[in-house]
Amino acid sequence: MNKNYYITTPIYYPSAKPHMGHAYSSIIADFFARLKRIQGFNVYFLTGTDEHGQKIQRAAEEKKMDPLLFCNDISKTFRDLSDTLNLSNNDFIRTTESRHAKSVKNLWNILEKKKEIYLSKYSGWYSVSDEAFYTESEIEDLDGIKKSISSGSKVEWVEEESYFFKLSKWQDKLLEFYNKNPNFILPETRKNEVISFVKSGLKDLSVSRKSFNWGIKVPSNKEHVIYVWLDALTNYLSALNYPNESDDLYKSFWPADLHLIGKDILRFHAIYWPAFLLAADIEPPKRVFGHGWILSGDEKMSKSKGNILDPLEIIENYGLDPLRYYLIKEVSFGNDGNISQEKLESCINSDLANNYGNLCQRVLAFCEKNSNLEVPTIEDLTEDDKIILNQYSKYYDNLLVYSDNQDVNSYINFIVEQLFLANKYFNDQEPWKKKNDKLRMNTIIYVALELIRKVTILLYPIIPSSSLKVLGIFGINEEKINFDTIKDNNYLKKGLKLNKLDILFKKIEKND
Ligand code: MSP
């Protein structure tokens, strides 16, 4: 089995302040990267910034700055986000780096050589905010302003000489590709949207611009810069040292296993990107998953709408792991999700403080008092003990399927259920009433400790730093976390001295 796994986030347009949508996209990708790592995969997790194009050029002009200096500053805010969000990315790519320019030019040259690109003239609508071309049927007139129906952003009329990629030629081959790779686009609803869009007919795509210069120049014609999406998408290859196809990174990790993206950029990833790659004889990625949006009210949270919830403020007030947990659990994966401070607080109180935190705290306190904070000697397990411990081996295959299918919702539902069962087990078994039956009391402690260990391994990709604190009780550090050990019922060895645990999550007091 191929044990390498390449996962990417979209590279972000550097904007002064990353918002909750950006945080969400990155946290979900980090969740998968960590989950695959503890399953024994050699994971390469990439993120970065998308720094070319008219949008960035205009933003820099507004600040009267050189575009590169402008990007240097704000790309850093996204680089810093990796620390703030505890992302485990292996690389952070900037499209202004020379390794990237080399890779884009190479791809362009191949496409040109294969006659997949030709020079003509573009006249049509363009949205600088989306860096996307729209047809007449994709725009609407709102109070005299032309806007894209799908994104709501303003479009402007563009008429200029442009290179075109022969996208229309790839229509049937793309449909064939989707057919042969039924899980290339997930979730299913998004796949259907893409397929019907492709079936409705693809036009050749303008892939260069002449009226501004902030970008990678077309190698054979310096008057043109390469369309920012052709440029940006290629980052996934550049990070693996493409065009050096004998490079270890490239050999190990291409084709990418998962491009995790928001649904707004599905067309670029699920249509243009595989078409460019097929045309260049490069294997397309294995999967593109389009997640939903974080909404504010009913609208997508975005800078242009001015409805941003600041992740940094939330982290400062509530901590990072609660935010990670909340976003992963409460936003039904694949769909849009509305987030609010009130819901975040009740999630912290019910799931993290009362359920998980309380389980760890009370079992450990009881173990400290009655078993000297050591893994005790036990007697034979009862049926009840076995049933609850065996939940993890029973559902092990399902858990793997959830991770392979990006079924975050089922994964976290399993955890919530197990937390409930573990708390119930400790309550029902009433070890505090077993002081005269030391062996039974010890066995209950042992089972409860094993349950904490198992559920914490599952929680690690979601709340890594809190989970590491809990696993630290048993002397398990990050390198030692092994997903398969959730199946073991006697991992903890008798006599193992346990470490103490500080309060994990503070309950939020409501002052109303
Ligand atoms: N630069 C392009 C991506 C190029 S990839 C080759 C881009 N950048 S972005 O900064 O606008 O968006 C980055 C990611 O954040 C996208 O996946 C986008 O869907 C996601 N989000 C931006 N706003 C969002 C929400 N409000 N909610 C959830 N994710 C959203 O697109």
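**Sheets and domain interface of the predicted model**

Strand β2 (residues 42–49) and β3 are joined by 4 bridges and run parallel. Within this pairing, L46 has D91 of β3 as its bridge partner. Strands here are DSSP runs (E, at least two residues), as helices are (H or I, at least four residues), and both are numbered from the N terminus; two strands are taken to pair if DSSP finds at least two bridges between them. The structure is a predicted model, in which local features need pLDDT of at least 70 and side-chain atom pairs count only at pLDDT 80 or more, whereas totals for chains, interfaces and linings use all residues. Residues are numbered from 1 along each chain as its sequence is written, and side-chain values use heavy atoms, with hydrogens and water left out.

The β2 and β3 strands belong to an open sheet of 6 strands with parallel pairing, ordered β3-β2-β1-β14-β15-β9. At its edges stand β3 (91–94) and β9 (185–186), each of which pairs on one side only.

Another open sheet contains 3 strands in the order β11-β13-β12, and its pairing is antiparallel. Because β11 (208–209) and β12 (217–218) are the edge strands and each has a single partner strand, one side of each is left without a neighbour in the sheet. β11 is connected by 2 bridges to β13 (residues 221–226), the two running antiparallel. In this pairing S208 lies opposite I226 of β13, and R209 has V225 of β13 as its bridge partner. β12 and β13 are antiparallel and share 2 bridges; a hairpin of 2 residues links them.

The protein is divided into domain 1 (4–116 + 172–199 + 230–330) and domain 2 (341–487), with bounds that come from an automatic or database domain assignment. The centres of the two domains, taken over C-alpha atoms, are 34 Å apart. Contact (heavy atoms within 4.5 Å) involves 24 residues of domain 1 and 30 residues of domain 2. The buried area between the domains is about 2,700 Å², with carbon and sulfur atoms giving 67%; this quantity is the accessible area (1.4 Å probe) that two parts lose on being put together, summed over both. In domain 1, the most area is lost to domain 2 by I38, Y318 and Y325, which together account for 28% of what that side buries.

Across this interface, 15 residue pairs are in polar contact, with both residues at pLDDT 80 or more. A polar contact is a pair of N or O atoms within 3.5 Å; within protein, one must be able to donate a hydrogen and the other to accept it, and residues adjacent in sequence count only if both atoms are side-chain atoms. The side of domain 1 that touches domain 2 draws at least two residues from each of α1 (20–38), α11 (311–318) and α12 (320–330). Of these, α12 gives the most, with 9 residues. By class, the residues of this side comprise 15 nonpolar, 2 polar and 7 charged, where Ala, Val, Leu, Ile, Met, Phe, Trp, Tyr, Cys and Pro count as nonpolar, Asp, Glu, Lys and Arg as charged, and the others, Gly among them, as polar.

Salt bridges (a side-chain nitrogen of Lys or Arg within 4 Å of a carboxyl oxygen of Asp or Glu) number 30 in the whole structure, and 3 are found across the interface of domain 1 and domain 2. D404 and K36 form a salt bridge in which the closest N and O atoms are 2.6 Å apart. In the salt bridge of E188 with K191, the corresponding separation is 3.7 Å. E188 and K191 both belong to helix α6 (residues 188–199) and lie 3 residues apart, about one turn of the helix.
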